[in-house]
Amino acid sequence: MDQSIQNDLNAPHSMGTTIIGVTYNGGVVLGADSRTSTGVYVANRASDKITQLTDNVYLCRSGSAADSQIVSDYVRHFLHQHTIQLGHPATVKVAANLIRLFSYNNKNMLQTGLIIGGWDKYEGGKIYGVPLGGTILEQPFAIGGSGSTYLYGFFDQEWKEGMTKEEAEQLVVKAVSLAIARDGASGGVVRTVIINSEGVTRNYYPGDALPLWHEELEPQNSLLDILSSSSSGPDMMIS
């Protein structure tokens, strides 16, 4: 086997990714694509990058898959202990600060950027970003991963205060599909999680149901479909 191919296959699993968190009037919407890669190969085309921490707090993961998973596992454990000791669910701020603590104290070893979103009865819907290095930022919306490069201007224009739940989810799905179109490390399906006072709703948007953007090809079932659609008739020659 070619050495470069072997190196790619042995590369760490990375969620070169698009993750998004958006606040709206009453809660938050989290969204992510589903492509996990190792080098230039797709290791998992339908991974779930939105991880539950508590009943009311979820985490969007980007960067090293292993690093983000171990942080979420530790934080979930300590939040469970926190809930038992206090007798009520942890707030979004507590969860975000615990993640910030882990990320900052291990900043020389971790390669992961995280977005925390949730709803609690004290402050409502909240979004926090914890990028590489362990900074914590409370924001009305947060974007992360390799696909976020293509979305900053889009969000500056499209995000607005007081959106409805439907508007916020449509914005997230549209943004992830835009990033998938431009970013080779983002792809697959779009998953969303809506968190508000009524609970949590998970939605799933398959890749062939997403809008197509400039110069994108229509989804095909196989290479034969592409060849047959490009044939010009019986005179076509294959050299």
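How many helices and strands are there in the chain? The chain contains six helices and 13 strands, where helices (H or I, at least four residues) and strands (E, at least two) are DSSP runs numbered from the N terminus. The structure is a predicted model, in which local features need pLDDT of at least 70 and side-chain atom pairs count only at pLDDT 80 or more, whereas totals for chains, interfaces and linings use all residues. Residues are numbered from 1 along each chain as its sequence is written, and side-chain values use heavy atoms, with hydrogens and water left out.

Of the 239 residues in the chain, 42% are buried; buried denotes under 20% relative accessible area, exposed over 50%, and partly exposed in between (1.4 Å probe, protein chains only). The accessible surface of the chain amounts to about 13000 Å², and carbon and sulfur atoms hold 52% of that surface. These areas come from the Shrake-Rupley method with a 1.4 Å probe, and for residues only the protein chains shown count as cover. Among contacts (heavy atoms within 4.5 Å), residues 24 or more positions apart account for 62% of those in the chain with a separation of 6 or more.

An open sheet of five strands is arranged in the order β11-β2-β3-β12-β13, with antiparallel pairing; two strands pair if DSSP finds at least two bridges between them. β11 and β13 (199-205) form the edges, each pairing on one side only. From one strand to the next, the twist averages 15 degrees. Axes are lines fitted to C-alpha atoms, for helices over the stretch in contact, and angles run from 0 to 180 degrees between N-to-C directions.

Within this sheet, β2 is joined to β3 by six bridges and to β11 by four bridges, in both cases antiparallel. Ile19 stands opposite Ala32 in β3, while Val22 stands opposite Phe141 in β11. The hairpin of β2 and β3 has two residues between the strands, and Gly26 there takes a positive phi near 130 degrees. In a regular strand the side chains alternate between the two faces of the sheet. Both faces of β2 are covered, with Ile19, Gly21 and Thr23 buried on one side and Ile20, Val22 and Tyr24 buried on the other.

α5 has 18 residues and reaches 26 Å from its first C-alpha to its last, close to the 26 Å expected, a span defined as 1.5 Å times one less than the number of residues. The buried residues of α5, including Leu171, Val172 and Ile180, pack against β2, β3, α4, β12 and β13.

The largest nonpolar core has 22 residues, and those with the most contacts inside it are Ile20, Val22, Leu151, Phe155, Trp159 and Met163. Such a core is a set of buried Ala, Val, Leu, Ile, Met, Phe, Trp, Tyr and Cys residues joined through side-chain atoms within 4.5 Å. At least two residues of this core come from each of β2 (19-24), β11 (141-144), α4 (152-158), α5 (165-182) and β12 (190-196). The largest share, eight residues, is supplied by α5. A second, separate core of 18 residues includes Val71, Ala90, Ala95 and Leu114.
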